[in-house]
Amino acid sequence: MPWESVIPNVLARDAQLEASRAAGAPMDNDAFAGFYERSARSVWAYLARTSGDPALAEDLMQESYVRFLCASHPDPLVEGEVACRRYLFRIATNLLRDHWRRPRTSSIEEVPEDFFARPGNSAQSDSQMTLGPALMQMRPRDRQLLWLAHAEGYSHREIAQVTGLASASVRLLLFRARRKIAGLLRDAENGRQP
Amino acid sequence: MTLSPCTRENEVKEILQRGHWPQACPAELRTHVSACRACGDLVLVSEAFCKARAQAAGSARLGSPGVLWWRAQLRRRNAAVERIGKPLLGAQIFALCVTLALTAGFVAFEARNGIAWLGWLQELPQAGSLHLEALWPSTMFSTGLSPMVLIPAIATLALLGGVVVYLAAEKQ
């Protein structure tokens, strides 16, 4: 009896793994679940805060992950998780941009109820009341730049990779956006003080 | 607006990233931040965004990664099927076009030389036997072309044409 026939499943699985690696196939189900657990919250936060719409953020986040998996090279074992996260943010940024470019067709009936009545403690409401309106006064691209720089802590070079802008442009745009939102935040704080 | 970054901005950024602001920050740097507008903006905006990120991440409603995984698998499979199906469809269309062109040519040829087999069709009920040669124009036999050779040749040509188109599309 040949020894290969004794452990056919092990060999088949190894061969399958080898083949998928050789073909540049993405991570397996378990590896993806781990990556998702570690990255999904920050992607959702980015999409929700820059779009101002949690329902849209949920949709775009799911689409981002599906596109990420369909792409041929996002393997954390090969490229590292930091690069994969950056790639994911890039997909999410492009999806947001596409959404903003599309003509608006949604009506008020399509917005879920919990969008208007979300639970939150006082500190959360406080932060939302200050940063939320200030962010919504910024241009969409500035919101993205500010979030990537100050919430995600990306460098100018990394932001350039995510957004597709030149690194020098990112520096200038970010400086202007930061100055503007800082003014808006100060105004909001002064306006709330008795 | 002029672009005037502060020389100590990176220092402040590092302190913020480490979470040392404001308690573990040197008093001298705190004094600088309160006096420098660029650094003041940096601290104000970074603190607001970090707080917002923590709150937003806490309120995220995450779906199942398994569902996303299977959706991606399904999309990849559909894309692969579409990729394979496209050249096949092209080959089928090509084969159909060749068949239609040959049929049209045959009909035109028959119309020009008189439809001899129509008479045979009328005689068929009385004849009692099938004469295949009556289906072919008389000129064909006079030039030495047998229909038994011509039909497989045309069919092979159409088949090869389809295969060539398929291979070319697949290579692209």
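Visitor: What share of the 172 residues in chain B is buried?
Guide: Buried residues make up 12% of them. Buried here means 20 or more other C-beta atoms within 10 Å of a residue's own, exposed means 12 or fewer, partly exposed is in between, and C-beta atoms are placed from the backbone. This is a predicted model, where local features need pLDDT of at least 70, side-chain atom pairs count only at pLDDT 80 or more, and totals for chains, interfaces and linings use all residues. Residues are numbered from 1 along each chain as its sequence is written, while chains are lettered from A and ligands numbered from 1 in the order in which they are written.

Visitor: OK, how many helices and strands does chain B have?
Guide: Chain B has seven helices and zero strands. Those are DSSP runs numbered from the N terminus: H or I of at least four residues for helices, E of at least two for strands.

Visitor: At what angle do α1(B) and α3(B) cross?
Guide: Helix α1 (residues 9–18) and helix α3 (residues 37–58) of chain B cross at roughly 20°, and their axes come within 10 Å. Axes are lines fitted to C-alpha atoms, for helices over the stretch in contact, with angles from 0 to 180 degrees between N-to-C directions. So α1(B) is roughly parallel to α3(B). Under 35 degrees counts as roughly parallel, over 145 as roughly antiparallel, 65 to 115 as roughly perpendicular and the rest as oblique.

Visitor: Which residues of α1(B) meet α3(B)?
Guide: E9(B), V12(B), K13(B) and L16(B) do, and their partners in α3(B) include L42(B) and V43(B). Contact means C-beta atoms, placed from the backbone, within 7 Å.

Visitor: Switching to chain A: how many residues does α5(A) have?
Guide: Helix α5 (residues 81–101) of chain A has 21 residues. Among its buried ones are C84(A), L88(A), I91(A) and L96(A).

Visitor: And how do α3(A) and α5(A) cross?
Guide: At roughly 130°, with axes that come within 9 Å. That makes α3(A) oblique to α5(A). L88(A), I91(A) and L96(A) turn up again here, among the α5(A) residues that meet α3(A).

Visitor: How many residues does each chain put into the contact of the two chains?
Guide: Chain A puts in 34 residues and chain B 30 residues. On the chain A side, α2(A) gives the most, with 11 residues. That side divides into 20 nonpolar, eight polar and six charged residues. Ala, Val, Leu, Ile, Met, Phe, Trp, Tyr, Cys and Pro count as nonpolar, Asp, Glu, Lys and Arg as charged, and the others, Gly among them, as polar.

Definitions and conventions. Expected span 1.5 Å × (residues − 1).
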